[in-house]
Amino acid sequence: MATRVRPWRLGPAGSAGAEKLATGGAASAEGPGRPGPLQDETLGVASVPSRWRDAQGFRGETVTCLHTLGYPPAQGQGLHVTSVSWNTTGSVVACAYGRLDDGDWSTLKSFVCAWNLDRRGLSPRQPSAVVEVPSAVMCLAFHPTQPSHVAGGLYSGEVLVWDLSRPEDPLLWCTGLTDDTHTDPVYQVVWLPEPRHSHHFRVLSVATDGKVLLWQGVGAGQLQLTEGFALVVQQLPRNTKLKKPPRGETEVGTTAVAFSSFDPSLFVLGTEGGFPLKCSLAAEEAALTRMPSSVPLRAPAQFTFSPHGGPVYSVSCSPFHRNLFLSAGTDGHVHLYSMLQAQPLTSLRLSPKYLFAVRWSPVRPLVFAAASGEGDVQLFDLQKSSQKPTVSIKQTQDGSPVYCLEFNRQQTQLLAAGDAQGTVKVWQLSSEFTEQGPRETEDLEQLAEEVAT
């Protein structure tokens, strides 16, 4: 598959610019590999400082828009930002351009764009790197340790890995179109450490064809299938009432995935049927499927949770509690589940329209963010309210959907969100959302225990 970067997008510094993109700028006084604060010259570029008061009248929460980023050729095609990802230094944000509405986007020329926010002379409408891709890009994930390596999943079902520091030939690996390749759009990719070599990583992909696949980069630019799973209705644990599938339909379309921070083999899948599934990479049972595959496909599902009123678009496992995870879907609800019971601990109706993304904060155990089909980014602090958002940020003025968001694990005051207008906004969060309270972990534990009893 031909993909290319427009070389001039890396800026006048040439290879030095590529190096800067890969490293996230010069090392700071905070230590090697730790990014410093955003440089002064990056502030104020298309930024509009704004203040919101939360729904219950708490004062002092401030969320500031630092950057409004976009790529005019992609926006001119009417492409949406389908995914955002921060690199391992926390200095570079990348986005995928594609479409999430109805239509055949498999042959639509699309883009992956990245901006180094620490770079001098940052131009919000001129990314540091642009990769042209011959199919809509549905999802994106930076490598956990390689700052310039990013994996993506396409509408065509393919999975690719690019090196954004190689402007002439960024494509490192791709699955190609084989019997192993997904036959439906890939909605999420995740990097996973190899069990015996924690510094080596594989790419896991999920798609609505019901397959969960693990890929390893090999020679000649190929991603090779190493393990695979298939979800079929007949093998789902029957602990909740599920609608019977239409006759002949057996595959369960998967739309989202999240891995436990406490058990590397445990993961949660979101499904088109609306029910989250608890799954395991260690599952050994063969999948009852006739889908072609070069490796035996296994059945990973261990437990079925009570469903949403429509497809699940996003799941997120708590970084601070082994049993808690969030899900969001087309019914406009966020569900908080415990791994130990089918019914959600709580259900929050955040929007009369779809919810497209939900993410736990990496630093505040009781804080999470959600992206809505009404153009809002909602920040919740469960210490303050279990029912209403602490802050609701209007990302799009015309109310068009926000499709994706990600917290920055290195520069924890930053949150990136992408929308249907083809824009990525980088929001700076106040200390209210980044400094852990004295009893926060205990309160999270109590929340988990209350509902599990």
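1. Ser260 itself sits in the loop between strand E16 (254-259) and strand E17 (266-271). Strands (E, at least two residues) are DSSP runs, numbered from the N terminus. Leaving aside residues up to four places away in sequence, Ser260 touches Leu266 and Cys317, where contact means heavy atoms within 4.5 Å.

2. A word on the ground rules. This is a predicted model, in which local features need pLDDT of at least 70 and side-chain atom pairs count only at pLDDT 80 or more, while totals for chains, interfaces and linings use all residues. Residues are numbered from 1 along each chain as its sequence is written, and side-chain values use heavy atoms, with hydrogens and water left out.

3. Is Ser260 buried or exposed? Its relative accessibility is 10%, so Ser260 counts as buried; the cut-offs are under 20% relative accessible area for buried, over 50% for exposed and partly exposed in between (1.4 Å probe, protein chains only).

4. Next, have a look at strand E29 (residues 402-407): five of its six residues are buried, so the rest of the structure largely encloses this strand. E29 runs antiparallel to strand E30 (residues 414-419), and five bridges join them; strands pair if DSSP finds at least two bridges between them. The two form a hairpin with six residues between them.

5. Gly418 is buried because its relative accessibility is 0%. Among the residues that Gly418 touches beyond four places in sequence are Val81, Val84, Gln395 and Tyr403. Gly418 and Thr82 are 336 residues apart in sequence, yet 6.9 Å apart in space, C-alpha to C-alpha.

6. On cysteines, the count of disulfides (cysteine sulfur atoms within 2.5 Å) is zero. For Cys95, the nearest cysteine sulfur is that of Cys113, 5.1 Å away. Cys95 has 0% relative accessibility and so counts as buried. Cys139 is buried too, with a relative accessible area of 3%.

7. The structure holds twelve aromatic pairs. Rings of Phe, Tyr and Trp (its six-membered ring) pair if their centres lie within 6.5 Å; planes under 30 degrees apart count as stacked, over 60 as edge-to-face and the rest as tilted. One of the pairs, Tyr313 and Tyr354, is edge-to-face, at 6.0 Å centre to centre and 65° between the planes. Tyr313 lies in strand E21 (residues 312-317) and Tyr354 in the loop between strand E24 (346-349) and strand E25 (355-360), so this pair ties together parts that are 41 residues apart in sequence. Tyr313 is partly exposed at 30%, and Tyr354 is partly exposed at 40%.

8. How are the rings of Phe325 and Tyr337 arranged? Their centres are 5.0 Å apart and their planes are at 15°, so the pair is stacked. Phe325 is buried at 0% relative accessibility, and Tyr337 is buried at 0% as well. Together with Phe303 and Phe305, these rings form one aromatic cluster. Lys278 lies over the face of Phe303, 5.7 Å from the ring centre; the rule asks for NZ of Lys or CZ of Arg within 6 Å of the ring centre and within 35 degrees of the ring normal.

Key:
Helix = DSSP H or I, 4+ residues; strand = E, 2+ residues; numbered from the N terminus.
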